[in-house]
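Please read the following briefing with the sequence and the structure side by side.

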Amino acid sequence: MYFESFQQLVFMGGHGVYVWSSVYISLVVLGGLILKPLCQKKQMFKNIQVQIDLQKANDKALNRGQDNASHS
Amino acid sequence: MKLNVQWTWFHRLGSPRWFYQKTQRWLPWLSLVMLTLMVTGLVWGLAFAPPDAKQGNSFRIIYLHVPASIVALAGYYFMAIAGAIGLIWRIKLSYMLMRSAAPIGAALTFIALVTGAIWGKPTWGAYWVWDARITSMLILLFLYLGVMALRNTYSNNEVADKAAAILSLVGMVNVPIIYKSVDWWQTLHQSATIKLTGAPSMHPDMFMPLVVMILGFYSFYAVSLFLFTRAEILRRECRTSWVKQLVTHNLVEK
C-alpha cells in the first residue's frame, strides 16, 4: 500500500474529503443503476401475475355463465 | 427458402425472448467480472497507486472520473446506433436497448460532471468553470435527459421510439466536439491522458489501475444495460404467452 496507515489513507494529505466524496457519490449512483431495473422487473412480475389472475377469474365467471345458460 | 436459413440468426438476434433468455445465463458471469474488475481497480487506484507529483492525492479521482466519462460517451454512440438500427430495420429489441441506454448514460455523465467538479476544487480552485469540455459534457447530460423525456412524452410506443431515435442521432454531433474540445479551445481541462495513438502520458503504476477501472465500467455498463432492457422487455411484451408462462413458472418455483 502507498499509505503508511489507515488514517493516512482516509486523510490523503488533505485531499481525502474530495476523493472519498467522489467515491461515495459514484458508488451510490452506480448502485442505483443496478437496483432500479431489478425493482422494475419485480414490479412487472407482480403486475403480470395480477393480470393473469384476473384473466383466470374472468374466464371462470364466463364459463359459469355459459353453464347456467345451457342448464336453463 | 435459402434466404430464410441465412437470416434466421438476424431475426433471433432481434427477438426479445431470445435476448431475455440469453442474458439470464450471461448475467451472473458478467456481474462477477464487473465486481472483480471494479474492486481491484478501485483498491489499486485509491490505496496502492503513487500520488501525482503536482496534484497530490486528489488525482485519485481520475479512477472514477475518466472511466465514467469514456463510457458515457461510448454509451451515447451505442444509444444512437441502436436508434438508427431501429429506424432502418424496425427491430423492436433495438429500440428497447436504446431506451435502456438513456438513463445509464445520463447517470454516468452525472458521475463524470460531479467527480470533475469535486476534482476541480483542489486543482483549479473552483467547482465549476464554463469551459468547452465541461459545457459540452453538460450538453451531453441534457441530450440524454432529452431522449428519456421524449421517450416518455408519447403514449404511442412506435412514435416515441422514432422521435427518441431521431433526437439521439442528431445529438451525436456533440460527441466528437466533446472529444476534441480540449484541443480546439483553450481550456482549463487537461488534455487527454489516454490516446489511441502513442503512449499514455502517465506512469504505468498509475495507468494500469485506470485500465482496469475502464474495463470495469464497460462491464458495469453491460450488466446495467441488460437489466434495464430485461425490465423493458417485460413491460412491452407483458401480453405475450412466453412472458405469462415465465411469470407463472417463477411463482411455482417460489
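In this predicted model, the axes of helix α3 (residues 62-89) of chain B and helix α4 (residues 92-124) of chain B come within 8 Å of each other and cross at roughly 155 degrees. Because angles over 145 degrees count as roughly antiparallel, α3(B) is roughly antiparallel to α4(B).

**The helix pair α3(B) and α4(B)**
- The crossing in which α3(B) passes α4(B) is left-handed.
- Sorted by class, the residues in the contact of α3(B) with α4(B) comprise 19 nonpolar and nine polar ones, with no charged residues.

**The largest pocket**
- The volume of the largest pocket is about 1,100 Å³, and of the 39 residues that line this pocket, the closest to its centre are B:V66, B:I70, B:R133, B:A192 and B:T193.
- Two or more residues of the lining come from each of the elements α3, α4, α5 (132-153), α7 (174-184) and α8 (204-236) of chain B.
- Helix α4(B), with eight residues, gives the most to the lining of the largest pocket.
- By class, the lining of the largest pocket divides into 25 nonpolar, 10 polar and four charged residues.

- Is A:M12 buried or exposed? A:M12 counts as buried, because its relative accessibility is 0% and the cut-off for buried is under 20%.
- B:R90, likewise not a glycine, has a positive phi of about 55 degrees.
- Since exposed means over 50% relative accessible area, B:R90 counts as exposed at 63% relative accessibility.

**Chain B as a whole**
- Along its principal axes, the C-alpha trace of chain B spans about 65 × 40 × 40 Å.
- Of the 254 residues in chain B, 48% are buried.

Note on methods. Residues numbered from 1 in each chain as written. Chains lettered and ligands numbered in written order. Predicted model: local features only at pLDDT ≥ 70, side-chain atom pairs only at ≥ 80, totals over all residues. Heavy atoms only, no water. Axes fitted to C-alpha atoms, helices over the stretch in contact; angles between N-to-C directions. Helix = DSSP H or I, 4+ residues; strand = E, 2+ residues; numbered from the N terminus. Parallel < 35°, antiparallel > 145°, perpendicular 65-115°, else oblique. Left-handed = near helix turned anticlockwise from the far one by under 90°. Nonpolar A, V, L, I, M, F, W, Y, C, P; charged D, E, K, R; others polar. 1 Å grid on protein atoms, 1.4 Å probe; cavity = no way out; pocket = protein on both sides within 12 Å on 5 of 7 lines; lining within 4 Å. Points joined across faces, edges and corners; volume = space filled by probe spheres on them. Buried < 20%, exposed > 50% of the residue type's maximum accessible area, 1.4 Å probe, protein only.
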